[in-house]
Each structure stands twice: as C-alpha cells, then as structure tokens.
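Biologist: Could you walk me through this model and tell me what stands behind the words you use for it?
Modeller: Gladly, let's take it piece by piece.

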Amino acid sequence: MKTVNIYLENGGKSPKPCAGWYGYILEYQGQRLYTRKRFARVEGTRQERDLVMLLDAMERCKPCRIRVYTEESYLAGGYERLPHYVNTKWITARGDPVKHKNLWKRILEQSAEKPLEFILGPHGYTEWLRTEIERRKKSDTAG
C-alpha cells in the first residue's frame, strides 16, 4: 500500500467561531515526487477547521497509508481516542458528548481504507503554507 504525506497548516488560531483559512499539501513519491496543494476559507472554531482540513485532504486520496504532519495535537489525540469514543457511544471521560462528533465519524470512516499516522511539530512546508495563507487573507480583506 502506498503512503501519502499530508502537511497541514491552520491559519486561524482563535478558539471562537470565525472565518479562517487553512492550507495543506499532499505529497506522494512515485517515480517522481507528486504534490498537490489546496487552500480554503472556512467558518468555525480552530478545531472545526482542523477537522474539515484533514477530511478535505483525506477525501482527495485513494486508499493508502497517510502520514499527517501537523502542529495540532488536537487532531492526533482525538484520532487516538476514536475507538474509545465508539465504545462509549461518543461520550467523553467527563460524561460530555464528543465535540464535532459528525466530523470525527467521517474521519473514522475515511481511515478504514486510509489509516493515519501523526507526526507532530513543524514540517518542511510550514513557513511556505503560513506565507500563502497570510497572502490569501490579505487579498480576501482587500476585496
């Protein structure tokens, strides 16, 4: 099974719902290096944008192993807890409903054919993605 690397960057850091940009790069090494990029503006909290961004990238991949490069520990921790959430009928250890349950369910469905491995921390595309997101933010507000 082939491996696809996904490099994620969320331009919105506010925990409150608002419009924010994200960007990612898909990378696959075949006979040559193939890359695809995408940027999008999305309404929601930072965590919602992280989930939407991950889903957006996963849905562009055929069945494969996926390595996710991100600084967002929320994604890695949430993904690790998915089996627990399924067993507890989507209730957290504190007894609260899991936030963004529908998005997590879609990630769980996608990961059946596309298992995820998370690598936390800055990556080789971090600065470029941040620069591109800022450029898009500026042109978005200028119009």
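Biologist: Where is K89 placed?
Modeller: K89 sits in the loop between α2 (73–87) and α3 (101–111); helices here are DSSP runs of H or I with at least four residues, strands are E runs of at least two, and both are numbered from the N terminus. This is a predicted model, where local features need pLDDT of at least 70, side-chain atom pairs count only at pLDDT 80 or more, and totals for chains, interfaces and linings use all residues. Residues are numbered from 1 along each chain as its sequence is written, and side-chain values use heavy atoms, with hydrogens and water left out.

Biologist: Why is K89 called exposed?
Modeller: Exposed means over 50% relative accessible area, buried under 20%, and partly exposed in between (1.4 Å probe, protein chains only). K89 has 67%, so K89 is exposed.

Biologist: And W90, buried or exposed?
Modeller: W90 is found in the loop between α2 and α3, with a positive phi near 65°. Its relative accessibility is 9%, so W90 counts as buried.

Biologist: Why does D50 have no salt bridge?
Modeller: A salt bridge needs a side-chain nitrogen of Lys or Arg within 4 Å of a carboxyl oxygen of Asp or Glu. D50, in helix α1 (residues 46–59), is buried, and the nearest side chain of opposite charge, R46, is 4.6 Å away. Lys and Arg count as positive, Asp and Glu as negative, while His and the chain ends are not counted.

Biologist: What does the side chain of D50 make a polar contact with?
Modeller: The partner is the side chain of N10, at 2.8 Å. The term asks for a pair of N or O atoms within 3.5 Å; within protein, one must be able to donate a hydrogen and the other to accept it, and residues adjacent in sequence count only if both atoms are side-chain atoms.

Biologist: How do you know that β1 and β2 pair?
Modeller: Pairing takes at least two DSSP bridges between two strands. Strands β1 (residues 3–10) and β2 (residues 18–29) have 7, in the antiparallel sense, so they pair. Within this pairing, Y7 stands opposite I25.

Biologist: What is the sense of pairing between β1 and β4?
Modeller: Parallel, over 5 bridges, with V68 in β4 as the bridge partner of I6.
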